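Dear colleague,

Please find below the structure I am handing over to you, together with its sequence. My findings follow it.

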Amino acid sequence: MSSLKDLKNWGLFSLTALLLSIQALLLMMKAVNFFEQLPQFVILGIGLVLFIIGQIAAVIIYKHRAQTGEKENGLRAFLIVEAVLTFFLLSALVKTIFYDYKGEMAQRAYNILLILAVLNKWFWPQVRETGRRAWVLINARANEKILRSWTIVIGTVLLPLIIFVPHFERVLARMYIGEQFHHYDIFVMSSGWAAYNHHLIDVDQTSQYGVGMPYIFAELCRWMGGFSYSHVFLIIMTGTMIYYVLFFWLSLRWFKSAAFTLALMLWAIRVQMFHPGDYPFVLTYPSTTVIRYFFDIFFFAAIFCHLRRGRPAWLLAAAVVSGISVFYMDCTGVFLVTAYYAYLTCLLSMPYTRSMLYRTQRDLAPLGGYFLLPVAVIFVFFYKTVGHHMFTAQFFQNMTSIEEYYLSGIWTYPIYNNFIYHNFWAGLVGFIIPAVWVFTMIFAGGMCYFKKFSRQNILIIVVCVYGLGVNHYYVVRALLTCYYVTALPFIFVCGWWLKLLLWSWPRRVRTNAIMASLFISAWALVTNHNFMAYPNIFNFSRNPMVDMLTAQPLPADLSTYFNHLYRNDPAALKLPANSLGQTDEELLTEKDFKSDDELTAYYRREYDFTKDAGLIKSLTLPGSPVAVISAFETKILMQADRPPLFYYFPLLSSRPKHMRTMPLNFLHTSPGRFNRKAIQELEEARPEYVFLERIFLYDYPKAYADKPENIIPIVDYVRLHYAPYKAGEYLMAMKRK
Amino acid sequence: MMIYWSAVLSVLISIECVFAGTCFSILFPPKPSPLVQDFFTTYQHAITPKYDVLFLRLFIVAGVAAFILLMRFCGRMTPQKHASFKYFTFVQAAVIITETFFLFKFAVYRYPVFLNGFYIALMASAAIKIFTPEVMKSLRRFDKRMKDKTPFLNLSLWLTAAAGVLIPLIIWVPDVEGSVARMFFGEQFHHIDSILMVPGWVHLSGNILGIDNISRYGVGAPVLVAEIAQRLLGQFSYVHVVIVTMAVSVVYYWIWFYALRLVLKDAVWAFIAIFLGLRLQFFNIETFPFIFTYPQDTPLRFFFDSLFFLFLVLHTQSGRMRWLYLASAVSGFFVFYITGEGVFTLAAFYVFLVLREVFVVMNPGGLMRRVNKGQAALLLGTPWVVFLSGFWMVAGGHIFTKVFWTNQLELIRFYEAGGQAALMINNLTPPFVDRASIAFLLPVLYLFVLVVLLGKLMQKALKIDGLLMLGASVFLLMSYHYHAAIANNMPSYLRNGVVIAMLTVYVLKGMTARLGQYHQRLWKIACGILVFVMMVTTHQFLLHPNIFNLSRNPMTHPVVSEVPIGRNSYFSHLFISYPDAFKLPVNGLGQKDEMLVTENDFSDDNQMKELFRKESDYAKDAALIQSLTAPETEVPLVSSFENLVLMQAKRRPFFYTYMLVNAQPRRMRKFPVTMLYTKGNLQREISRIENFKPPYIFVEKTFLVSPIPRAYLYDNEDLIALLSYIFSHYGSYKQGEFLAALKRQ
């Protein structure tokens, strides 16, 4: 026995010695930076020799300690702390090398960690004592309640704090100069402005993201005092904060352990909000935020309550929420309805839960009601918003046109796409996620059916069904890590498995594991570049938009983010002057701004179309739809307080205001259909004025004829039937001949 | 537990349903949607009709349906049948892993060979399901056999025989001329010239290596190879040198297998270790397109480490001192053979001697005894005597001159100064992260093994095999210096693959030693399968033109390929992307066409070999040299393929830096680069011309073309300086096909 124990002790000591040697090597690497003229061979030779000397020294110390009776537990604690420090050091070092184009933060962390590594050895007795006290505090049963309460408070405060952006106008400024509000316009601004003016969605104007969402945003903005980018941003940000807090609370009820739930939440927020696809930050792309599927949290809360208490009211609530969800955004809502029906099927198919829905024949009517309620809710809401149009085929064709567009194969990628580009890990996770869902669904279903698990676990089956549904988003367009957009059900399911595993362990081991997972989640979150760049209160920079300490370069070529989409437009596409009559395109980068305030001032100045709005107001009546063919048409119409005329709105994809290129169409559908539709609308409505961006008055270069997204047919139509009448700053009012 | 197993099996079944669907989608690709008709032609590239959504739904439905059916089936199952159910799940998992593996490789690399593998796996899966009872019966029988306590009597013999046969079959390349031709078109003999052909010809022509001409890797290896090729095979040529390299490689692995059998004391583990070593050393990514293109990566370079370890094993197991003396002699000879490897081995040997003494002191009464002073002196001195003798046999009295040793250390100093080296950490960038990470991990693991074994040694718990592993870990740490110095983004740390494999298997064997015989056997099977899969599915193995190669024309039309990054082909890859702006108006023949061939220019390997024979023939130029120079004279030649020319002309090389220029295809419209590297080297060559004043200097006709791009004045500074000197002292005299003879003015 004693030899075995010796061996174990020796193993621990060998590991500790190894870690210390690595640290010594890292310290030495730091030191030789001062002697850069030494050849690498010599440096590495010295390193290896030091490494080996360190080991031999460790052997001698071990012999000494073995003789003096060093305790194994002390060694283990030291080993753990040193292992953590070494891991952090190596992690920082790797980041410094891997991201050498922005390794400053990692370099700082590395320096601090080196100091900590030295201090730890110096003050090890104190560190050990502090650690021991903390350990006792965490593990004492008496402290369980108070610690839980504090963890809940921390979670409830921390999650919104992570998401909250204090200076949101700076963010809007970056969105403007970075990608000209493409994603905001297409997600909600354009359709929302139409809804704000009481236009009918998918009848008068298109919406790529559901019928209900633009109405909801429009109404919320009305309460807030007007429809603007700032208000919409606030709604999205606040909605995200509310969602995560609700997700935290629901998970807390489910998992019971506050620390475990907080670890899970940090992991969830890390993968959902800070994955690589969220560059430069998640709120630039509202379609990738939880706003896309905001109502699912209420649905799952209702299902959870129904499973716990069995009251029909909760089931009715779930049915109503799933119906509203389809109205809100059909592409995600439909999967919530699927999950709802899966839930009903589960309840009916499992002998011991059937009574929750059906006992006697008298329950047939309510049962039918449960099945029909979501559909009824969908129809009620559609009728309420679009009226009799909902009985026309055209409305449903319009509503599903974007799905049809994607399912035709345009801009889609095969599911093995990541493998082709050797993104093996990203590709593998894309396969693992649905496999985990299917396996969990089957396993949990089997266990619940045979009463091995309590009926509450049916919730996991429903989550899996929903997860598989929303995973279609990735399957259709398998691009990098975009499965993380809808990863929250996956995190929840992983939490369920982890709980199964952890709660089969002894309490003390479990507590250690939970603390470790909390630690790892926090580390994974805070060392993530997207997190470090996120302009919340934790950001290290005072100018997170323009300061390259935290702001990230463009991942594709490490150039700057500002104006990145059009910077490399070929000269063949350039016209003699831009819409303002200037030749300078003013393609500014982050380096052109000294501070975020300067950027914000620039944004306020540039994103102002007062003169053009005045022109529109002077020539059109309030409430009359206005035909604007221009970049930034949504913003111009909002300032002019006029609704749009064209069905495809925004009609054009905005590019920087000073560009000497023509804006192209927004690709709502195939280019042929797009141009035909717009011309047909001009033919039918015959508006007296059409407001054309002034750049369209130039003769376009031949290169545009080769670009399928060009709107030359529409411009030609306008120039044929309309003549210049009055010039604004950016627009020209064209009067019908 | 049946629910768990049923869930696992149903997911596996549903994955296979998706695979069947994938098969269907490959055979019947999805038709484009009618909406696509509305798109302009330029948009067609963005349209990818696919079945992925359908497959996702198939995956879900098949999984649920399979689970429901399985649960019904399990309900009627007797508990005895549950074991069969688990077996079936394992078999299904193995099948899925195989299918996934092939599909993954196909998705990434797009070679039909992987798709064919996928089809075969799919068919095998169908067959397994049709013959499930028979498969289960065989599995049960196999399982019973595995649990049988009686040993597998002849397994050891069979495995030894198998290793003896498989090693040469895997290594040997039947079409040697074809592989030489590929070296010629692929990289113009750069590596084989550098390590073997050039110094080999220097030795055979009568010059002295290290005095008259440089030898970049060591003196012994080229001398031995040249002598073997000349005396045993009858001719010193590229083909014969490759044959010698292959033969040495076979013998190397045979010796290692014998050593592994002795040290691991188990034929199965030895079998696994030798093929793991073969995989690591022979078929790692650095050996593209095949290892014999780079003799410095082959066992020819490391040959004596096999003998070194064999003698150490024999010594530790018998205690006889003669084996230790032999190990000492071998480590000395290794220094003469390849200087760098020899020095690492010698250092490891000295450390081993110290460790051995500690071991003997800690474990008295064993087979090994402490060495006395006389023995110690002999052990320490033998290596020096051996390698000095080797050098003396080649260089005679020159070994007592300073210049000989300065020359020997020349390249080491060059590498020490950072020549052709990169920072290790710089490799930690895509796409080399995994390779670079392993480069950092390996020394840590070696050191960890070293520390653990040292600890055991101090606790007197180290067994005699452990002492050898201690020596092996020291050896690996010494040998790792090579990677630390070069630190290219290639896995050169795998060059001691067999030693790494020995250490790995030793650790594995130790870890599984506490298990029962049944589980040990399972581990061995699993490891064996893993090594087999790792070996036969790697690109380098599929490319190796041995008898297992799946292509009839493995040189020109391999089943897989890896075109170097940024190049269009492997053939002529070093020159095919050279910008036209930096080219001469015509080549040495006055032509514009450079005739840079790619693999696709050949219908089969024979066509390539025919062109090789034609292109490597310098008969006219050799005749020109012979007509102007006497036999046995040193001929100054500045040209690509200078060694090929001088071998055909049967003349000795003149320049110390021989080969002077890095060969390029002979019709290129550019200047080749030299291998002079330093100003001192350039001065040395000019001084030689000054001192010996050769009446003729032969230069590649390309150098006579003008005007030259201005960039050459910077990029080819050394060559331009040398040529300027030559042209100022020599005038045009006579022209051959590719060479021009210049006469001293």
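How far apart do the C-alpha centres of domain 2 of chain A and domain 3 of chain A lie? In this predicted model, those two centres are 42 Å apart. I set out the remaining findings by topic.

Domains

The assignment for chain A gives domain 1 (2–139), domain 2 (411–503) and domain 3 (553–737). Chain B is divided into domain 1 (2–147), domain 2 (177–542) and domain 3 (615–744). In chain B, a distance of 63 Å separates the C-alpha centres of domain 1 and domain 3.

Contact between the chains

Chain A contributes 53 residues to the contact and chain B contributes 55 residues. On the side of chain B that touches chain A, the elements giving two or more residues include helix 1 (2–27), helix 2 (52–75) and helix 3 (79–109) of chain B. Also among them are helix 17 (410–416), helix 18 (433–458) and helix 20 (481–486) of chain B. Helix 2 of chain B supplies the largest share of that side, with nine residues. Sorted by class, the side of chain B that touches chain A consists of 40 nonpolar, 11 polar and four charged residues.

The sheet of chain B

In chain B, four strands make up an open sheet with the order 2-4-6-5 and mixed pairing. Strand 2 (637–638) and strand 5 of chain B are at the edges and have a single partner strand each, so one side of each is left without a neighbour in the sheet. Helix 25 (residues 619–628) of chain B packs on this sheet and touches strand 4, strand 5 and strand 6 of chain B. The direction of helix 25 of chain B makes about 20° with that of strand 6 of chain B.

Strand 6 (residues 739–744) of chain B runs antiparallel to strand 4 (residues 696–700) of chain B, and five bridges join the two. One of the residue pairings is that of Val699(B) with Ala740(B), which belongs to strand 6 of chain B. Strand 5 (residues 730–735) of chain B is likewise antiparallel to strand 6 of chain B, with five bridges between them. Here Tyr730(B) has Arg744(B) as its bridge partner, and Lys734(B) has Ala741(B). Three residues lie between strand 5 and strand 6 of chain B, which form a hairpin.

The sheet of chain A

Chain A has an open sheet of four strands in the order 1-4-6-5, and its pairing is mixed. Strand 1 (627–629) and strand 5 (722–727) of chain A are the edge strands, each pairing on one side only. From one strand to the next, the twist averages 30°. Five bridges pair strand 4 (residues 689–693) of chain A with strand 6 (residues 731–736) of chain A in the antiparallel sense, and Glu693(A) stands opposite Leu731(A) of strand 6. Helix 28 (residues 712–721) of chain A lies across strand 1, strand 4, strand 5 and strand 6 of chain A, at about 85° to strand 5 of chain A.

A helix pair in chain B

Helix 10 (residues 238–264) and helix 12 (residues 299–318) of chain B have axes that come within 9 Å and cross at roughly 25°. Helix 10 of chain B is therefore roughly parallel to helix 12 of chain B. The crossing of these two helices is left-handed. Residues making the contact include Tyr252(B) and Trp256(B) of helix 10 and Phe303(B) and Leu310(B) of helix 12 of chain B. By class, this contact has 16 nonpolar, four polar and no charged residues.

With kind regards

Key: Residues are numbered from 1 along each chain as its sequence is written. Chains are lettered from A and ligands numbered from 1 in the order in which they are written. This is a predicted model: local features need pLDDT of at least 70, side-chain atom pairs count only at pLDDT 80 or more; totals for chains, interfaces and linings use all residues. Two strands pair if DSSP finds at least two bridges between them. Domain bounds come from an automatic or database domain assignment. Two residues are in contact if their C-beta atoms, placed from the backbone, lie within 7 Å. Ala, Val, Leu, Ile, Met, Phe, Trp, Tyr, Cys and Pro count as nonpolar, Asp, Glu, Lys and Arg as charged, and the others, Gly among them, as polar. Axes are lines fitted to C-alpha atoms, for helices over the stretch in contact, and angles run from 0 to 180 degrees between N-to-C directions. Angles under 35 degrees count as roughly parallel, over 145 as roughly antiparallel, 65 to 115 as roughly perpendicular and the rest as oblique. A crossing is left-handed if the near helix is turned anticlockwise from the far one by less than a right angle, and right-handed if clockwise.
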